[in-house]
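Q: Please take a close look at a single part of this model, and then describe how other parts of the two chains are arranged.

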Amino acid sequence: MQKIEAVIQPSKLDAVKDALVEIGVDGMTITEARGHGRQKGHTEFYRGREYAVDLLPKVKLEVVVADGMAEKVILAITAAARTGAIGDGKIFVSKIDEAIRIRNDERGEIAL
Amino acid sequence: MHRMRRSVVTVFRTFLFALVVLIGGGTVVGGSRLVAQTTATPSGQMDRIAALEKQNADNTAAIAAAQSAGDNGWMLVSAALVLMMSGPGLALFYGGLVRQKNILGTMMQTFAMMAVITVLWALVTYSLAFGDGNAFIGGLHNVFLRGVGLAPDVKYAATIPLQTFMIYQLMFAIITPALITGAFAERMKFSAMLVFMVLWALFVYSPMAHMVWGKGGFLNASLGGRFPCLDFAGGTVVHVTSGVSALVTALYLGKRLGYPKVPMPPHSVVLSFIGACLLWVGWFGFNAGSALSAGTLATSAFVATHFGAAAAALSWSVAEWIRQGKPSALGAISGAVAGLVAITPAAGFVTPMSALLIGAIAGVFCYFMVVKVKAWFGYDDSLDAFGVHGAGGTIGAILTGLFANSVINPIFGAGKATGALEGNWHQLVNQLVGVAIAWCLSLVGTLIILFVVDKAIGLRVSVEEEREGLDISQHGEEGYDWAH
């Protein structure tokens, strides 16, 4: 099993969600997040005072899938979330040792 | 079926006949009485004259009662509108501008004024502001509201109960100290704030209100002041005093921890936006209510108020657009408030076109004060109480002397020039005297009060309390609970 964490632009969430459902991903977890990578943020003005806002609003999406699905999920996310501009986000992939369905103690891929 | 219908018709005819007999009989009886009256003797004519005189007196009383009811209705609504400016208006406006750990502390400072100043007003400050006294402060004749009943005081407002006048003026006494809280936001002890405000109401607000609006006040334009300063709704009494005192408290308390290196942007411009719009609406009670009646003067003050706010919202936004490339929501609402401040002394004295000009000037001037002057001097007037109220009140008071028009309000007598543009250049001197007195009283009075309270109980929260925020450290609660 593998976990795919994608930090994306909030405006791309719907497109990514649709793309994942299309390739048969059943579950996902979404978190409203703030952060930045190479993108340097922007400045805001309040009554003439300048504030540099470097932590920008993002959406973090987590999906755990069977090993064979991981590459398809990555392709779906990059295709749906890419604008080509700086700030599009990142994807992190990691191994998952175990998954347990709380309702009935099912374990492994069947619990996904 | 057919027979039933005929019987219904019969009953109806009988009913009609009975009705005709009744009406006819009544007319005959009434008519004979009328005949008897018109053929009366000369002594009957005396009776008629007496009856007409009585009717005339009744009509006069009824007209006075109707005017009084109309004026009183508007004044009670105005009083409620002015209270709405404090809570929720100002509380939301200021609450949105602070960081979220201080929102309740900030709102409570304004709300506390609604309670504390009210009790103080009933006990003593109404008497000090509006009771008979000398040229500088009222006496103690009206403490505990003695003699403040439901009959009008003709000198203040001839058509409304004195208690209406009293409660209306109270709403001004509440919002004025509440305005100061913007300068020391996020760092003053709640206890020290309460003591400071009680002393401030006693020794700064009461004498200033008495000088400008009280009987025989030094600056009173309509009740025999030495320097008749035109201040329709509180440019000097409310905005210069609160704004200048705000500057003094900001300087005395020092900057917030980390200012200006740590960013302290408003935590919710949305709340401030709602607050500012409530202020705009409430300001109609503040300014048009200051006519103390529901007549034409209230209308002209209402119009001037609205025009001043609109023009200033525009001019601040344009200034911001040019300098920063974008017109912000915070800028637009700040401009509207600046315009409302500046038009406060002038409403009820100026034409709608002058109101547009005053607003336009005030919007740019206050923008400059808030954005440039504050940065030059580096003081931490956290929510710009001085930049908006002190600066806007001062420029408004001076412009009132320029634009006041005897057609709108012949306060010095019909046809006598009122403002400088009509030829009464001396009025500018009177306005400057009023402004200077308001500045001096606020500077000196506030400084002494701050010193006394600081020595007695300390003004500032501890460093840890300031980091933690006023909500938890002063009130033991949080404005936003994300966990539940």
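A: The model is predicted, so local features need pLDDT of at least 70 and side-chain atom pairs count only at pLDDT 80 or more, while totals for chains, interfaces and linings use all residues. Residues are numbered from 1 along each chain as its sequence is written, and chains are lettered from A and ligands numbered from 1 in the order in which they are written.

Phe365(B) belongs to helix α10 (residues 352-377) of chain B; helices (H or I, at least four residues) and strands (E, at least two) are DSSP runs numbered from the N terminus. Leaving aside residues up to four places away in sequence, Phe365(B) touches Ala391(B) and Ile395(B), contact being C-beta atoms, placed from the backbone, within 7 Å. Ala312(B) lies 53 residues from Phe365(B) in sequence, yet the C-alpha atoms of Phe365(B) and Ala312(B) are 9.6 Å apart.

Elsewhere in chain B, helix α3 (residues 103-130) packs against helix α4 (residues 162-180) at an angle of about 125°, their axes 8 Å apart. Axes are lines fitted to C-alpha atoms, for helices over the stretch in contact, and angles run from 0 to 180 degrees between N-to-C directions. α3(B) and α4(B) are therefore oblique to each other: under 35 degrees counts as roughly parallel, over 145 as roughly antiparallel, 65 to 115 as roughly perpendicular and the rest as oblique. Their crossing is right-handed (the near helix is turned clockwise from the far one by less than a right angle; anticlockwise is left-handed). Among the contact residues are Trp121(B) of α3(B) and Pro177(B) of α4(B). This contact comprises 13 nonpolar, four polar and no charged residues, where Ala, Val, Leu, Ile, Met, Phe, Trp, Tyr, Cys and Pro are nonpolar, Asp, Glu, Lys and Arg charged, and the others, Gly among them, polar.

The residues of the contact of α2(B) with α7(B) are 22 nonpolar, eight polar and no charged.

In chain A, four strands form an open antiparallel sheet in the order β2-β5-β1-β6, two strands being paired if DSSP finds at least two bridges between them. β2 (29-35) and β6 (89-95) of chain A stand at the edges with a single partner strand each, so one side of each has no neighbour in the sheet. From one strand to the next the twist averages 20°. Strand β1 (residues 2-8) of chain A is joined to β6(A) by seven bridges, and Ile8(A) has Gly89(A) as its bridge partner. Helix α1 (residues 13-22) of chain A packs on the sheet, touching β1, β2 and β5 (56-65) of chain A, at about 10° to the direction of β5(A). Helix α2 (residues 70-81) of chain A also packs on the sheet, touching β1, β5 and β6 of chain A, at about 5° to the direction of β1(A).

Between the chains, six residues of chain A are in contact with 10 residues of chain B. On the chain A side, strand β3 (residues 42-46) gives the most, with three residues.

Technical notes:
Two residues are in contact if their C-beta atoms, placed from the backbone, lie within 7 Å.
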